[in-house]
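Student: I'd like to go through this one with you. Can we start with the layout and then move to the details?
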Amino acid sequence: MANNTAQLQEKTHPMEDLLRMDRMPHIWCSGCGLGSAVTAFVEGLKKAGVSYDKTAIVSGIGCTGRVAGYVRLDSYHTTHGRAIPFATGLKLANRDLTVFVFSGDGDLFAIGGNHLIHAARRNVDINVICVNNFIYGMTGGQNAPTTPLGAYSSTAPFGNYEMPFNLVGIAAASGASYVARWTTMHARRLTDSIATAANKKGFCFIEIVSPCATVFARKNGGGTGLDLLKEFQTRSIIDHEADPTQIPLTMDNEIVCGEFVNEDSPTFWENVQAGIKSQLEKFSNWEEMQSNSRKIPHKTIRKYTSSRDS
Amino acid sequence: MFQKSRLHGEFFMQGDIACAEGALAAGCRFFGGYPITPASEIAERMAYRLPLLQGVFIQYEDEIASMAGILGASWAGVKSMTATSGPGISLMTENIGLGMMMEAPCVVVNVQRGGPSTGLPTSWAQSDMMQARWGSHGDYGSISLVPNSPQEFFDLTVTAFNFSEKYRLPVFIMADALVGHMTEKVVIPPVEELEIINRKYTNKKTEDYLPYDYGKDLIPDFAKAGDGYRYHTTGLTHDKRGYPDMTFECQNELVPRLVNKIKNHIDDISLTEEYDIEGADVIVISYGITSRTVLPAITMAKKKGIKVGYLRLKTVWPFPEEKIRKLSEKVAGFVVPEMNLGQISLEVERCAHNDSIVKLVPHPGGAIHKFEDVLHAIEEVAHGK
């Protein structure tokens, strides 16, 4: 017996180098898809070969918002909906970092929707992973911007009557460089997608369709976490050629998965650098630029004396 | 070649631009903002100046994002700033609380305009003073500096960065549209003559580092993203490891520390200017632009033989409680002219001795105090009314 215990203690978790083991067990319910999503994230980072010391993760608020607290990277658990602008600041201030945003559908598309479309528009070099469980889990099952028409939630007791967002459609239409959708059942492909995003420049968006056994399925008759995975298996198809704007998620249609967008377009910072360079090339020094350019604001600042340091 | 663009010398300069130049002189290399009158000139100046200094300027989609963004940049180890006015501050407030909780150094400029709501976009007031202190929910210590001229807008911006770095929190500069849009002589010293304070980085090994461990000064050592510490930080109540801990014990250690790290250093933070305080019967307490508009009233009162002292608060928060308490034992009372309907006067009342009178001279903003009103108040206090 004593020997067995010793053997058990020697065993370490295979992802110990990237998880905060002193914070386990996590708070997520049994049957939740977040465990699979975090596993895919950790495996994806390993596969991508990025430096863990130079990788940061930013989360908002909610069930998925807790991911930052469990992953052993520089990790930031911010306010509700604001993970993307926070991550934008972090990335632009230190361009050597690989920055991931890991948050939920409510955080990123309801309260934080504006930030998502603008970060995609700017093509800021960050990677956004959105775990979509169709509902607000942490607060007890309220309606989300992703809740399918007709689905029940605690704030839609007669069934949801609001049109839901199609997340990949929004990301693609807003200008993201990389857009993919997987379910938590597609563990291997999801891992590959995360590895791709880690090494890809520009705004990368990955939607992870994830089961919520505790609130969404309880209100909508989906069964246990395993039942939901089986449902994902039967309902999902992979079609990389699909138009991301034409594949909304509903209660019973097929879940179209795949890598829908994978483009190379200049990032925010590349555009900034190119724009400044093209302006500066016209002048040999700052004084010349200040006195010649029509576009310089406040060039009328007058000096009392003419001294400037060097 | 474009790095030669750091200014020094004497300039005829707008307040908002002096603020931007002060930030650059202090080492600010990240600005995130959103256009708003009367603070837009700060963003415009930063948009022009930062790229030439290898800094980052980003015009965010709103003020909420701007505040979140400068916190992110702060964690990357870069001095960061945003500038806005009342409506923008209202939007930023939640993330200002995050900055207080995470203890992220940064500077928030509020070029105050008349409120509430959209109020007087192109005109001034001092009606956000209490918002600066209590705006975000929960208890925390905060610092607000109030300039009364473009020169001081420059100087106090440098000071604000120093305080934010030293005490690890978002620091407010509470200017107003009058100071922001005023153009005056501004002297910018060579950068080596400025006192610049940088945050204290940890020298601990990665395995020994606790992001919220603190010493006597109650201020944790900083580690920036990408340095291998792989720490966690959160807006939740957290322990020294930065991990969420929803217990009374943890709350009771963290939140009083956030208040006391400012309170305990009030002697360092509190900046005031005073004239003729000794032997005064009446002391006029003012801050920001009001401190200039009340000067004629003080001169007139003196001509009338009233012993008037002048106390100007450059640091409004933390409030100089002890100073006011001691002064109140010696004087008949205080006159507090401010461009709001009674905010800092409440603080003076709170701190003043029971026997001393505190007279508010209110003003809703959009114009300046009539000197007769201030003079009348001085006379009333001098006569014990």
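This is a predicted model: local features need pLDDT of at least 70, side-chain atom pairs count only at pLDDT 80 or more; totals for chains, interfaces and linings use all residues.

Student: Where are the domains in chain A?

Tutor: Domain 1 of chain A covers 10–265, and domain 2 covers 268–310. Taken over C-alpha atoms, the centres of domain 1 and domain 2 of chain A are 43 Å apart.

Student: How many helices and strands does chain A have?

Tutor: Chain A has 12 helices and nine strands. Of its 310 residues, 49% are buried. Among contacts in chain A with a separation of 6 or more, 66% are between residues 24 or more positions apart.

Student: Which strand of chain A pairs with S10(B)?

Tutor: That is strand S2 of chain A, residues 74–77; S2(A) and S10(B) pair in the parallel sense over three bridges. In that pairing, Tyr76(A) stands opposite Thr233(B).

Student: And what does S2(A) pair with inside chain A?

Tutor: Strand S1 of chain A, residues 55–59, pairs with S2(A), in the parallel sense and over four bridges. Here Ile57(A) stands opposite Ser75(A).

Student: Are the faces of S2(A) covered or open?

Tutor: Both faces of S2(A) are covered. Asp74(A) and Tyr76(A) lie on one side, Ser75(A) and His77(A) on the other, and all of these are buried. In general, side chains in a regular strand alternate between the two faces of the sheet.

Student: Now chain B. What's the strand order in its open sheet of five strands?

Tutor: The order is S11-S13-S12-S15-S16 (chain B), and the pairing is mixed. Strand S11 (272–275) and strand S16 (357–361) of chain B are at the edges with a single partner strand each, so one side of each has no neighbour in the sheet. From one strand to the next, the twist averages 20°.

Student: How do S12 and S13 of chain B run, parallel or antiparallel?

Tutor: Parallel: strand S12 (residues 282–286) and strand S13 (residues 308–313) of chain B are joined by five bridges. Ser286(B) stands opposite Arg312(B) in S13(B).

Student: Which helix packs on that sheet?

Tutor: Helix H14 of chain B, residues 371–382, packs on the sheet and touches S12, S13, strand S15 (333–337) and S16 of chain B. The direction of H14(B) makes about 170° with that of S16(B).

Student: Last topic, Lys261(B). Buried or exposed?

Tutor: Lys261(B) is buried, because 21 other C-beta atoms lie within 10 Å and the cut-off for buried is 20 or more. Lys261(B) is in helix H8 (residues 248–263) of chain B.

Student: What is Lys261(B) in contact with, leaving aside neighbours within four places in sequence?

Tutor: Lys261(B) is then in contact with Gly141(B), Tyr167(B), Leu218(B) and Ile219(B).

Notes:
Residues are numbered from 1 along each chain as its sequence is written. Chains are lettered from A and ligands numbered from 1 in the order in which they are written. Domain bounds come from an automatic or database domain assignment. Helices (H or I, at least four residues) and strands (E, at least two) are DSSP runs, numbered from the N terminus. A residue is buried if 20 or more other C-beta atoms lie within 10 Å of its own, exposed if 12 or fewer, and partly exposed in between; C-beta atoms are placed from the backbone. Two residues are in contact if their C-beta atoms, placed from the backbone, lie within 7 Å. Two strands pair if DSSP finds at least two bridges between them. Axes are lines fitted to C-alpha atoms, for helices over the stretch in contact, and angles run from 0 to 180 degrees between N-to-C directions.
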